[in-house]
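Colleague: I've got a model open and would like to learn how to read its pockets. Could you walk me through it?

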Amino acid sequence: MANIKILIVEDEPLYADQLEILVDKLEYEHLATVDNSRDALACIAKEMPDLILMDVHIQGEYDGIELTEIIHQKQLIPIIFITSLQDELTFNRASRTKAVNFIV
């Protein structure tokens with residue numbers, strides 16, 4: 001399997017654990033799991049991920065959608081949003097970013 005590095009940005013420990021298990025099962029490299037926008041930006045500055053699995057609602061100064069916009073101002077890293085929210089406002093905000101997909 002290609003050495004694809006995945007960053008998980010998720011503030012719910014149970015969901016983060018499930019994503020880590022999935023990444024490992026698919027034999028990708030789990031770069032890190034962080035629960036807030038500041039740590040996500042620090043991780044990206046330290047080592048560039050090939051893909052980010054991003055929760056929409058995370059801890060920190062920015063939510064996942066705002067964080068995606070900030071990341072994409074510097075690097076066009078593929079991002080997949082992950083959320084339990086199904087409201088139209090969240091979907092519309094997320095769809096304006098250059099995210100690869102939106103998984104509910």
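Predicted model: local features only at pLDDT ≥ 70, side-chain atom pairs only at ≥ 80, totals over all residues.

Modeller: Start with α1, which gives five residues, the largest share, to the lining of the largest pocket. Residues are numbered from 1 along each chain as its sequence is written, and side-chain values use heavy atoms, without hydrogens or water.

Colleague: What counts as a pocket?

Modeller: Rolling a probe the size of a water molecule over the atoms shows where empty space is left. On a 1 Å grid over the protein atoms alone, using a 1.4 Å probe, a pocket is an open set of points with protein on both sides within 12 Å along at least five of seven lines; lining residues have an atom within 4 Å of a point.

Colleague: Which residues lie nearest the centre of the largest pocket?

Modeller: Glu10, Leu19, Ile82, Thr83 and Ile103, out of 22 lining residues. Two or more lining residues come from each of α1 (13-25), β3 (51-55) and β4 (79-82). The pocket holds about 420 Å³, a volume being the space filled by probe spheres set on grid points joined across faces, edges and corners.

Colleague: And how much space lies in the second largest pocket?

Modeller: About 150 Å³. Its lining is Leu41, Ile44, Ala45, Ile70, Ile71, Lys74 and Gln75, with α2 (37-46) and α3 (64-74) each giving two or more residues.

Note on methods. Helix = DSSP H or I, 4+ residues; strand = E, 2+ residues; numbered from the N terminus.
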